[in-house]
Amino acid sequence: MREYTIASQVCVYNYDELPIDERELVDIARESTYHSYAPYSHFYVGAALRLRNGVIIPGCNQENAASPVTICAERSAIFAAGAQYPEEPVMKIAITARNDNGFMSNPIPPCGSCRQVILETEDRFKQPIRILLACENGIHVVESIKALLPLQFVGESMI
Ligand code: THU
């Protein structure tokens, strides 16, 4: 038997410790929760991503009575970016969430489907995406989706 361990580093910042461009992303992710369409879960997720050209693309969850049709905040931002700026790598994404009682105390990491889409985006542009999970107890930051999705399945896995 052989075994190995896969470790991830997460850095936790106070809002004031972030560079200004990242504070802006966190602010827009927070604002985006107010555009969320979540009449079923009452869980409002906001995202904001920064492209290489500096443009910010917001996203938020869009629910549907037929629940599998719902799209998460992260994918709504990434797909909007792909539709508008297909040549621009995604550099960073901020994600946050609240319910009817306020913003969450703990980080809300992307779901499995969103992790896979973020991975595809990193792979597509050969550009790691810095992920900022903003919550009331700080901004939890990883440098790539690989920190949240070990043993990745990408196109090359099939060769
Ligand atoms: N949701 C997101 O927007 N992103 C995630 O990564 C986790 C879940 C949304 C989908 C749904 O509208 C609500 O949160 C509850 O699952």
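## Packing of helices 2 and 3

Contact here means that heavy atoms lie within 4.5 Å. In this predicted model, the buried residues of helix 3 (112–125) pack against helix 2, strand 4 and strand 6 (130–135). The residues of helix 3 that are buried are Cys 114, Arg 115, Val 117, Ile 118, Leu 119, Thr 121, Glu 122 and Phe 125. Helix 3 comprises 14 residues, and the distance from its first C-alpha to its last is 20 Å, close to the 20 Å expected at 1.5 Å a residue. Lys 126 follows helix 3 and has a positive phi, near 50 degrees.

Helix 2 (73–84) contributes Ala 73, Glu 74, Arg 75, Ser 76, Ala 77, Ile 78 and Ala 81 as buried residues, and the buried residues of this helix pack against strand 2 (44–51), strand 3 (56–60), strand 4 and helix 3. The end C-alpha atoms of helix 2 are 17 Å apart, which agrees with the 16 Å that its 12 residues should span at 1.5 Å a residue.

## The ligand and its surroundings

The residues that surround the ligand are Ser 41, Phe 43, Val 45, Asn 61, Glu 63, Thr 70, Cys 72, Ala 73, Glu 74, Pro 109, Pro 110 and Cys 111. Sorted by class, this shell holds 7 nonpolar, 3 polar and 2 charged residues. Two of the surrounding residues, Ala 73 and Glu 74, are also listed among the buried residues of helix 2.

A polar side-chain atom of Asn 61 is 2.8 Å from a ligand oxygen, while a polar backbone atom of Ala 73 is 2.9 Å from an oxygen atom of the ligand, and a backbone N or O atom of Cys 111 lies 2.9 Å from an oxygen atom of the ligand. The ligand taken alone exposes 370 Å², of which the protein buries 78%.

## Glu 88, between helix 2 and strand 4

Glu 88 is located in the loop that runs between helix 2 and strand 4 (90–99). Because its relative accessible area is 18%, and buried means under 20%, Glu 88 is classed as buried. Its side chain reaches the backbone nitrogen of Asn 53 at 3.0 Å. Residues up to four places away in sequence aside, Glu 88 touches Leu 51, Arg 52, Asn 53 and Phe 125; Phe 125 is itself one of the buried residues of helix 3.

## Thr 33, between helix 1 and strand 2

Thr 33 occupies the loop between helix 1 (20–32) and strand 2, and with a relative accessibility of 0% it counts as buried. Its contacts, apart from neighbours within four places in sequence, are Tyr 44, Val 45, Gly 46, Thr 96, Ala 97, Arg 98 and Phe 103. Although Thr 33 and Val 45 are 12 residues apart along the chain, their C-alpha atoms are separated by 5.2 Å.

## Glu 143, after strand 7

Glu 143 belongs to the segment after strand 7 (138–142) and is partly exposed, with a relative accessible area of 48%. Not counting residues up to four places away in sequence, Glu 143 touches Pro 128, Ile 129 and Arg 130, and its side chain is joined to that of Arg 130 by a polar contact of 2.6 Å. Between the C-alpha atoms of Glu 143 and Phe 153, which are 10 residues apart along the chain, the separation is 18 Å.

Methods:
Residues numbered from 1 in each chain as written. Predicted model: local features only at pLDDT ≥ 70, side-chain atom pairs only at ≥ 80, totals over all residues. Heavy atoms only, no water. Helix = DSSP H or I, 4+ residues; strand = E, 2+ residues; numbered from the N terminus. Buried < 20%, exposed > 50% of the residue type's maximum accessible area, 1.4 Å probe, protein only. Polar contact = N/O pair within 3.5 Å; in protein donor to acceptor, adjacent residues only side chain to side chain. Near = heavy atom within 4 Å. Areas by Shrake-Rupley, 256 points an atom, 1.4 Å probe, with all protein chains shown as cover. Nonpolar A, V, L, I, M, F, W, Y, C, P; charged D, E, K, R; others polar. Expected span 1.5 Å × (residues − 1).
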